[in-house]
Amino acid sequence: LTSLGIGAYGVANIPVVQDDAGAGGLFGARGRLGLIGPLVFEPSITYFSNQDTEVDGIPFEAPELTSYAFNLLLKWGGSYATGGIGSSWLEIPGGPEGGYETTYNFGGGYEFPAGPVAVDISPRVFVVETADSASRKNVALMAGVNYYFF
Amino acid sequence: MRKILNPGSGVALAALGLVAAISGCLTSGTEVFTYEMEDINVSATGFTRTPVDLTENDTFNDHVDEIRLIDRVGFTCNIVNPGSPTSVSIYFSKENIPNDADVPTQATPLFTNLAAPSGTRTIGYDESLTLIQNFEALQEVIESGQFVIYSQPTDPFALTIADPVLVITFTVGL
């Protein structure tokens, strides 16, 4: 390992083309393990807080979404690109029983280091595969703090 | 000679794999549409049949060949019962079942023995989600676009299911 850190993050979640879910917050936790060269491995858990919404005056309770992801980061300087795969718990009120769905995510970010601490800003897209060729997509605007042990 | 893949190439390959994996499902969206039906006058004797043709709805019709998932199904209505308290059962099937005696065994219950007190009982969308049985079978008939609803009161009293509206959430190709 070239580095080892932990972090927490939050801010905003924007469902994309989902009539039955409104934008809300998110929060999560992650680890950062430096591998070789510019590669960093990042396991994480993210809770998406979709908001209830209304369509034609009909109230819709928002889907519940918790995503577990394993990402690779390619870093250069403070910047990084990232992509990962994982699984999300998705429960749609009034829909089929909740279950785990394969989830992909990709995005980028920037770390502002200050000693062992770094402020981390990262927009990402989460793609939760709900059926063959079907998904629910959420844009995650993540900002948080990482602490590096070394 | 052993060739070592540099980390940058490895990430690029992984990124390509990721794009390939998700490209099929990126072009989908989840939409809601409502289908308003005529009042259903439930006969005191036998099942009342109501054909449903979702292709009459523009949103459904626009995506009928690109339906990938029926996410949730609910309804709203008013059950108007001018007589004594009773209950009502509703079944559905893809094809019409002409013989009343076959309906309970060949059709699928949407809900059974729903209380219909004297007067009007309003069922909102959230409550309907708790009433619906056999969601998977309902997904199938909705995806097909056309099906038949059978309604019958438990007791021999006529009642009306007024202003019935189906509320359907589906994920479709864009």
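**Note on the A–B model: salt bridges, strands and interface**

1. The side chains of E111(A) and R32(A) meet in a salt bridge, 3.2 Å from N to O. The pair links distant parts of the chain: E111(A) sits in strand β8 (residues 99-114) of chain A and R32(A) in strand β2 of chain A, 79 residues apart. A salt bridge here is a side-chain nitrogen of Lys or Arg within 4 Å of a carboxyl oxygen of Asp or Glu. Helices (H or I, at least four residues) and strands (E, at least two) are DSSP runs, numbered from the N terminus. E111(A) is buried at 5% relative accessible area. R32(A) is buried too, at 1%. The classes are buried under 20% relative accessible area, exposed over 50%, and partly exposed in between (1.4 Å probe, protein chains only).

2. On provenance: this is a predicted model, in which local features need pLDDT of at least 70, side-chain atom pairs count only at pLDDT 80 or more, and totals for chains, interfaces and linings use all residues. Residues are numbered from 1 along each chain as its sequence is written, chains are lettered from A and ligands numbered from 1 in the order in which they are written, and side-chain values use heavy atoms, with hydrogens and water left out.

3. E42(A) forms a salt bridge with R124(A), with the closest N and O atoms 2.8 Å apart. E42(A) lies in strand β3 of chain A and R124(A) in strand β9 (residues 117-131) of chain A, so this pair ties together parts 82 residues apart in sequence. E42(A) is buried at 0% relative accessibility. R124(A) is buried at 2%.

4. E66(B) and R68(B) form a salt bridge at 3.2 Å, N to O. E66(B) is partly exposed at 37% relative accessibility, and R68(B) is partly exposed at 22%. Back in chain A, salt bridges that share partners join R30(A), R32(A), E42(A), K75(A), E111(A), D120(A) and R124(A) into one network. Over all chains, the search finds twelve salt bridges.

5. Now the strands. β2 (residues 22-34) and β3 (residues 39-51) of chain A pair antiparallel over nine bridges. Pairing requires at least two DSSP bridges between two strands. F27(A) stands opposite Y47(A) of β3(A). β2(A) and β3(A) form a hairpin with four residues between them, and G37(A) in the turn has a positive phi of about 55°. β3(A) also runs antiparallel to β6 (residues 64-76) of chain A, joined by ten bridges. There, T46(A) stands opposite S67(A) in β6(A).

6. D20(A) deserves a look. D20(A) lies in the loop between β1 (3-16) and β2 of chain A. D20(A) is buried, at 0% relative accessible area. Its side chain makes polar contacts with the side chains of R136(A) (2.9 Å) and R72(B) (2.9 Å). A polar contact is a pair of N or O atoms within 3.5 Å; within protein, one must be able to donate a hydrogen and the other to accept it, and residues adjacent in sequence count only if both atoms are side-chain atoms.

7. Last, the interface. Chain B gives 27 residues to the contact and chain A gives 35, contact meaning heavy atoms within 4.5 Å. Two salt bridges cross between chain B and chain A. R136(A) and D71(B) meet in a salt bridge through their side chains (3.2 Å, N to O). Ten residue pairs are in polar contact between chain B and chain A, both residues at pLDDT 80 or more.
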